[in-house]
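Please read this briefing alongside the sequence and the 3D view. The points are grouped by topic.

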Amino acid sequence: MLSRAAFVTGGVSAPRATVLASGSAGNAVLLEAGGYGLLVDAGLSVDALERALARVAAPVRTVRMVLLTHEHDDHARGAGPLARALDIPVYANAGTAGAAGAALAGAGVTVFEMGRPFAVGPFAITAFPVPHDAAEPAGFAVEVEGRRVVIATDLGAAGDVLDGHLSDADLAILESNYDLGLLHVSGYPWFLKNRILSGLGHLSNDDAARALVRTAGRRRRIVLVHLSESNNLAALARDTVRDALAATGRADHAVRAVPPNGCTEPMEIV
Ligand SMILES: [Zn+2]
Ligand SMILES: [Zn+2]
């Protein structure tokens, strides 16, 4: 059950990002600054979200809004229930809001426009389009206290718009869904393999590595997410990106991969 813990205001600590859940079983990233929590995706039940928040000592009432990348269950299923339980808004673009259906039933939805920056609490958010088989899938560039976080998950390809945001990021949270070799030999049915491989599917380790090499101008912290349980390994994703960066003389980027259906501790955004 959702506990009604009192909202705890934050101190003067640096803003932080926590991957609460990552992978096909559910996705959620918590951004916190000044005691204000922004949850990017809520693809878990309210109970599971509450447990994930408790694990990182973030009271559930820290969460002041939910921001959705797209309507797929592993990103949106807990958004409506959490919004109703906490009486907080869900922010979604028109396509996602229209397609989310029951996931947002009874929730107050604020519709944002793609490409037009908007502010919530201490965060300035710009949504940008990504190619994926959803109604209006979005990635986010979030600016907080002069630092930039980019979150892009569930995308079939990395293009110029994403590249521009990755170039400016201090923290890049990027999908690295599958290793091509593992996908080819996996037991997935052909139609599913084709969906994943398509330009509207998911980003491979090699795709992620290429995008991060292309945009490696400034030193960043890189967190690879949404790894497939069947077609990837955390060490493989991490090393693919790390080795590609090192091969171009950019071993200074900190790279980690969140294991399939795994999470992280809070990471300071510095
Ligand atoms: Zn997903
Ligand atoms: Zn998706």
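The zinc ion (ligand 1) and the zinc ion (ligand 2) lie 3.7 Å apart, and Asp 154 coordinates both. Donors here are N, O and S atoms within 2.8 Å of the metal (3.2 Å for Na, K and Ca); water is not among the atoms, so sites may look incomplete. This is a predicted model, in which local features need pLDDT of at least 70 and side-chain atom pairs count only at pLDDT 80 or more, while totals for chains, interfaces and linings use all residues. Residues are numbered from 1 along each chain as its sequence is written, chains are lettered from A and ligands numbered from 1 in the order in which they are written, and side-chain values use heavy atoms, with hydrogens and water left out.

**Zinc ion (ligand 1)**

- Asp 74 (OD), His 75 (NE2), Asp 154 (OD) and His 226 (NE2) coordinate the zinc ion (ligand 1) at 2.1 to 2.2 Å.
- Along the chain, the donors of this ion follow the spacing D-H-x78-D-x71-H.
- His 75 is in helix H2 (residues 73-76) and His 226 is in the loop between strand S12 (221-225) and helix H9 (234-247), so the pair ties together parts 151 residues apart in sequence.
- Helices (H or I, at least four residues) and strands (E, at least two) are DSSP runs, numbered from the N terminus.
- Both His 75 and His 226 are buried (under 20% relative accessible area, where exposed means over 50% and partly exposed in between, with a 1.4 Å probe and protein chains only).

**Zinc ion (ligand 2)**

- The protein donors of the zinc ion (ligand 2) are His 70 (NE2), His 72 (ND1), His 132 (NE2) and Asp 154 (OD), which lie 2.2 Å from it.
- The spacing of these donor residues in sequence is H-x1-H-x59-H-x21-D.
- His 70 sits in the loop between S4 and H2, and Asp 154 in the loop between strand S10 (147-152) and helix H5 (160-167), so this pair ties together parts 84 residues apart in sequence.
- His 70 and Asp 154 are buried.

**Sheet**

- Seven strands make an open sheet with mixed pairing, in the order S6-S5-S4-S3-S2-S1-S14; two strands pair if DSSP finds at least two bridges between them.
- Strand S6 (109-112) and strand S14 (267-268) are the edge strands, each pairing on one side only.
- Strand S1 (residues 16-21) and strand S2 (residues 28-33) run antiparallel and are joined by five bridges.
- Ala 17 stands opposite Leu 31 in S2.
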